[in-house]
Amino acid sequence: MSVSPSSSARAAREAVARQLRTLRKEAGMTVVDLAAACDWHHSKTSRIENALTGPSANDIRRWCDATGRSDQAHDLIVQSINAETLYQQWRDQVRSGLRHLQERRVRFFRETALFRVYSSGLVPGLLQTEGYAAAVLRIAAYSHDLSVDDSAEAARARVERSRLIHEPGHRFVAVIEESVLRYQIAGAEAMAAQLGYLLTAGALPAVSLGVIPMGGERTHWPEETFHIYDDKLVSTELVSAEVRVTRPSEVNQYVETFERLRGMAVYGSEARGLILRAIEALH
């Protein structure tokens, strides 16, 4: 079973909290003692030690000074920053609009040679048509209560970004659940166009598209949607945040999970058959 991104982020924060608690106890200090030495309320100490609040760099320096372990401050600050940036709040990301979010990732995508994505809910972004992408992004704008809905412009930017699957130097391996073909995210016409495009895109030399049939016996349960960029980064989307995983051991867990899911998928004519049946179901 792969480690969920929410668990990874929580565990990273808890590791920092645990080390800070150990420093306090080794110094023979109570929660109140530590708070007094750092000149803050003791409830703040409790929140940090229980991983309810992430400490700032200055908090960590004061904590280490108070416990006589200033030598530990730098490493703990780096570890804490890594823990807090596991979560990238969606509201922060979309503050400049959904179109901006699509455009700012273009360079990173162009630098990636191998894209691997498992999706349990949506057609992967790099395989989306403009109509389908607009529907997806309209839902995102509504869900995050954005003051300006620029989903149409964002959809065009997403499709423009997707042109890289036609460029040399990139390989795209996608595994989707058959249910993705059946979820009516957009209107019937847009859905038909999207499913039709999957038939075309799946035949591209740089694209491998696998579909896990709903009726087949599973050897691995459905997972949250996740993307693997080369072997360096995994990103997955939760309700409240995008989580980015870079620790090699965790990235490897996702790679192994992806391979298990990929092994359950069908390809070629079998995958096309599932897509064609989903198109027929629209009428």
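L181 is buried, with a relative accessible area of 3%; here buried means under 20% relative accessible area, exposed over 50% and partly exposed in between, with a 1.4 Å probe and protein chains only. This is a predicted model, in which local features need pLDDT of at least 70 and side-chain atom pairs count only at pLDDT 80 or more, while totals for chains, interfaces and linings use all residues. Residues are numbered from 1 along each chain as its sequence is written, and side-chain values use heavy atoms, with hydrogens and water left out.

L181 sits in helix α11. Helices (H or I, at least four residues) and strands (E, at least two) are DSSP runs, numbered from the N terminus. Which residues does L181 touch, leaving aside its neighbours within four places in sequence? L181 is in contact with I176, M191, L195, L198, V211, L274, I275 and A278, where contact means heavy atoms within 4.5 Å. L181 and G121 are 60 residues apart in sequence, and their C-alpha atoms are 8.9 Å apart in space.

Helix α11 covers residues 178-182 and also holds S179. S179 is buried too, with a relative accessible area of 16%. Not counting residues up to four places away in sequence, S179 touches S120 and M214.

Now look at helix α14, which spans residues 268-280. Its 13 residues reach 18 Å from the first C-alpha to the last, close to the 18 Å expected at 1.5 Å a residue. The expected span is 1.5 Å times one less than the number of residues in the helix. In α14, the buried residues are A271, G273, L274, I275, A278 and I279. What do these buried residues pack against? Their partners are α11, α12 (188-201) and β4 (207-212).

Helix α9 (residues 130-143) has 14 residues and reaches 20 Å between its end C-alpha atoms, close to the 20 Å expected. Buried residues in α9 are Y132, A133, A134, A135, V136, L137 and A141.

**An enclosed strand**

Strand β4 came up as a packing partner of α14. Is β4 enclosed or open to the outside? Six of its six residues are buried, so β4 is largely enclosed by the rest of the structure. In a regular strand the side chains alternate between the two faces of the sheet. In β4, V207, L209 and V211 are buried on one side, and S208, G210 and I212 are buried on the other.

Strand β3 (residues 171-177) runs parallel to β4, and six bridges join them. Two strands pair if DSSP finds at least two bridges between them. For A174, the bridge partner in β4 is L209.

**Aromatic pairs**

Rings of Phe, Tyr and Trp (its six-membered ring) pair if their centres lie within 6.5 Å; planes under 30 degrees apart count as stacked, over 60 as edge-to-face and the rest as tilted. By this rule the model has five aromatic pairs. Two of them are set out here.

| Pair | Type | Centre to centre | Angle between planes |
|---|---|---|---|
| W40 and W63 | tilted | 6.3 Å | 45 degrees |
| F115 and Y229 | edge-to-face | 6.0 Å | 80 degrees |

F115 lies in strand β2 (residues 114-119) and Y229 in strand β5 (residues 226-229), so this pair ties together parts that are 114 residues apart in sequence. F115 counts as buried at 3% relative accessibility, and Y229 counts as buried at 7%. Ring pairs also link F115, F172 and Y229 into a cluster.

As for the tryptophans, W40 is buried with a relative accessible area of 12%, and W63 is buried with 1%.

**The whole chain**

Stepping back, the protein chain has 14 helices and seven strands. Buried residues make up 45% of its 283 residues. Among contacts between residues at least 6 apart in sequence, 76% join residues at least 24 apart. The chain exposes about 14200 Å², and carbon and sulfur atoms supply 51% of that area. Accessible areas come from the Shrake-Rupley method with a 1.4 Å probe; for residues, only the protein chains shown count as cover.

How confident is the predictor, and what is the average pLDDT? The chain averages a pLDDT of 86, and 85% of the residues score at least 70; pLDDT is the predictor's confidence in each residue, from 0 to 100. Over residues 1-6 the pLDDT is below 50, and this stretch has 18 contacts in the model beyond near neighbours in sequence. Where pLDDT is low, the predicted coordinates should not be read in detail.
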